[in-house]
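Dear colleague,

Please find the structure below for your review. My notes on the sheet and the salt bridges follow.

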Amino acid sequence: MSEGGERKPKDGGTSGGDQASGNAALGKKPFKRSRSHFADRVTADGRDGWPVEAGRYRLVVSRACPWASRALVSRRLLGLEDALSLAVTDPIQDDRSWRFTLDPGGRDPVLGIHHLSEAYDARESDYPGGVSVPAIVDVPSGKLVTNDYQQITLDLATEWQDLHRPGAPELYPEPLRAEIDEVMEGIYHDVNNGVYRAGFASTQHEYESAYEDVFRRLDETSRRLAERRYLVGDSITEADIRLFTTLVRFDAVYHGHFKCNRRKLTEDPVLWAYARDLYQTPGFGDTVDFDHIKRHYYQVHTGINPTAVVPLGPDLTGWLTPHHREQLGGSPFGAGTAPGPVPEGEEVAAAGRP
């Protein structure tokens, strides 16, 4: 998870060519998140050579990864399960990064590969960078299409509209896009990426700067949500998805593991109620696997947790308690409806649920 949208180099080194283990090196040098190298888009008109087509592509995710979790939530809310198949990687990486050891024979049953890096290699041989999720892979060719975690969910909401389920919500409504973009930019820099800048900081100054950014933005966001149910407008948008995937990990990993410990999520009444509201909304909590989350962060980040001991806490039962946010008005799906049940085979195991 050293770079990109949960990225780890294929050769076990850092993206700068260091031969030390990429994860062991975390916290040893300034943290900088890289741009997505493969930024092609799957669009309705196929302008990048990848037209939207039901059944053609496979979404590869780790349930541990907040960037991949955005795509998991969007896919569920929009009802794209039948159109875009899902591959879930093992939360624990090896020296070739994300692997399909959760599947029989350690091989993805659709792509026929053992490691996601094989799809990267099929797209670009000798690619020198890391292997990140979420990733969309073209099933017929086995080639990676995109790992652009910032764009994938926006395209699912807009370019894939013809394949949305009846009653799918508008996650990126055009009249609200300017406001959504502004809110998401601040949350990305200070919260989504801020927790990583704090957790992987190599100096006290870097850590304190990131720490202050995280809690300044969380304070601002708490005030914003005190009298409104959602971040922008009266229903769930892309902005809520992006904030949720960090909040749901906050007490389990970021508070202790990343030293973002001014307070826990459960100690902010507004943000805690907001997060519970989303968690209990179909499409959010039913994609979250706390077991994968904790094992990945604590066992993979040996640079900052060399013992790889995974904490038993926190108590997760609070996620199911009443939130009372419906009193603020609004409707989670706007004029739309809730997604249906989780497809068979995609359920989160009992170990990962409250």
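Which residue in β5 stands opposite L59? The answer is I136. This is a predicted model, in which local features need pLDDT of at least 70 and side-chain atom pairs count only at pLDDT 80 or more, while totals for chains, interfaces and linings use all residues. Residues are numbered from 1 along each chain as its sequence is written, and side-chain values use heavy atoms, with hydrogens and water left out.

Strands β2 (residues 57-61) and β5 (residues 135-138) run antiparallel and are joined by 4 bridges. Strands are DSSP runs of E with at least two residues, helices runs of H or I with at least four, numbered from the N terminus; two strands pair if DSSP finds at least two bridges between them. Both belong to an open sheet of 4 strands with mixed pairing, in the order β3-β2-β5-β6. Its edge strands, β3 (85-88) and β6 (143-146), each pair on one side only.

The count of salt bridges is 24, a salt bridge being a side-chain nitrogen of Lys or Arg within 4 Å of a carboxyl oxygen of Asp or Glu. In one of them, the closest N and O atoms of D155 and R41 are 2.7 Å apart. D155 lies in helix α3 (residues 149-158) and R41 in the loop between β1 (7-9) and β2, so the pair ties together parts 114 residues apart in sequence. D155 is buried at 5% relative accessibility, whereas R41 is partly exposed at 25% (buried: under 20% relative accessible area; exposed: over 50%; partly exposed: in between; 1.4 Å probe, protein chains only). R41 also meets E159 in a salt bridge, at 3.8 Å from N to O.

Kind regards
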